[in-house]
Amino acid sequence: AEEVGGGDKEVVRDYFNNTGFQRWKKIYGETDEVNRVQKDIRIGHAKTVENAIKMLTDEGSLRGVTVCDAGCGTGSLSIPLAKEGAVVLASDISAAMVAEAEKQAKEQLVAGKDELSPAPVMPKFEVSDLESLNGKYDTVVCLDVLIHYPQNKADGMIAHLASLAEKRLILSFAPKTFYYDLLKRVGELFPGPSKATRAYLHSEADVERALQKVGWRIRKRGLVTTQFYFAKLVEAVPA
Ligand code: SAM
């Protein structure tokens, strides 16, 4: 009964404020109370975050760079970015997620804790769905959120995020490859307790087309796979 469906935003919000919040807080956290599948997803997700940070820092220091972390979850990306000196807006549709991200930031971003790093700027936290975000940022990042968008909604979502970004946009999504498609269909035939949300896969070509339509091109690509976690990571820049 945990399943959410239809790409219905209200349902997704409700899920991530309740059972989904409990589940993902655990996966994204450090406790041992995770099962084998959740542990595998934790490891895969950590790699995605690590790769995104690498893409971001490859172009130079993040000190003073403005970043919008759209769908920030518990702050897995926002907090390390703040440690790098980025000026971060951490926003999410789920108030529970935003509250958890803020709590963790307050614990982890202690001034003078690590004297070699630049002084962290506390991110700004906001409860907002992606479509309501506005303003301009050097960089917009959106990790593992597209999975909640069917392709017909994904195009608009990508276009909106690109409109907020001045220099680059980093997105991760579950790739629609034959193997993963199959795995997902098998999962649908045998729904188990770990199957918590309706997942939408995206083909890289579809994501690329959506970016091209609004004048962006993909500059870098990455892929993270573990046993139960698959993410394609792309960095796009104005064409
Ligand atoms: N980006 C974070 C990370 O990688 O650690 C969290 C990923 S989690 C799988 C997906 C997040 O997207 C959840 O926190 C959820 O509340 C958020 N989300 C889903 N739909 C959203 C929407 N339409 N607008 C903003 N956030 C959304």
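Arg42 makes contact (heavy atoms within 4.5 Å) with Lys26, Ile27, Gly29, Glu30, Thr31 and Val34, leaving out residues up to four places away in sequence. This is a predicted model, in which local features need pLDDT of at least 70, side-chain atom pairs count only at pLDDT 80 or more, and totals for chains, interfaces and linings use all residues. Residues are numbered from 1 along each chain as its sequence is written, and side-chain values use heavy atoms, with hydrogens and water left out. Here is a short tour, starting with the whole chain and then returning to Arg42.

**The chain overall**
- The chain holds eight helices and seven strands, taken as DSSP runs numbered from the N terminus (helices: H or I, at least four residues; strands: E, at least two).
- Of its 239 residues, 48% count as buried, meaning under 20% relative accessible area, while exposed means over 50% and partly exposed lies in between (1.4 Å probe, protein chains only).
- Among contacts between residues at least 6 apart in sequence, 69% join residues at least 24 apart.

**Arg42, a buried charge**
- You will find Arg42 in helix 3 (residues 36–58).
- Arg42 is buried yet has no salt bridge, a term for a side-chain nitrogen of Lys or Arg within 4 Å of a carboxyl oxygen of Asp or Glu.
- The nearest side chain of opposite charge to Arg42 is Asp32, 5.5 Å away; Lys and Arg count as positive and Asp and Glu as negative, with His and the chain ends not counted.

**Salt bridges**
- Side chains of opposite charge can pair when their charged atoms come close.
- The count for this model comes to 18 salt bridges.
- Lys9 pairs with Asp129, with the closest N and O atoms 2.8 Å apart. This pair links distant parts of the chain, 120 residues apart: Lys9 sits in helix 1 (residues 9–17) and Asp129 in the loop between strand 3 (124–127) and strand 4.
- Lys9 is partly exposed at 29% relative accessibility, whereas Asp129 is buried at 13%.
- Lys220 pairs with Asp58 at 3.6 Å between the closest N and O atoms.
- Elsewhere, salt bridges that share partners join Lys54, Asp58, Glu59, Arg168, Arg219, Lys220 and Glu235 into one network.

**The ligand site**
- Of the 21 residues around the ligand, His45, Gly71, Asp92, Leu143 and Tyr149 come nearest; a residue is near if one of its heavy atoms lies within 4 Å.
- The side chain of Asp92 has an N or O atom 2.5 Å from a ligand oxygen.
- A ligand nitrogen is 3.0 Å from a polar backbone atom of Leu130. The protein covers 98% of the 590 Å² of accessible area that the ligand has on its own.

**Thr139**
- Thr139 belongs to strand 4 (residues 137–142) and is buried, with a relative accessible area of 1%.
- Beyond its neighbours within four places in sequence, Thr139 is in contact with Leu56, Val65, Thr66, Val67, Cys68 and Arg168.

Conventions
Polar contact = N/O pair within 3.5 Å; in protein donor to acceptor, adjacent residues only side chain to side chain. Areas by Shrake-Rupley, 256 points an atom, 1.4 Å probe, with all protein chains shown as cover.
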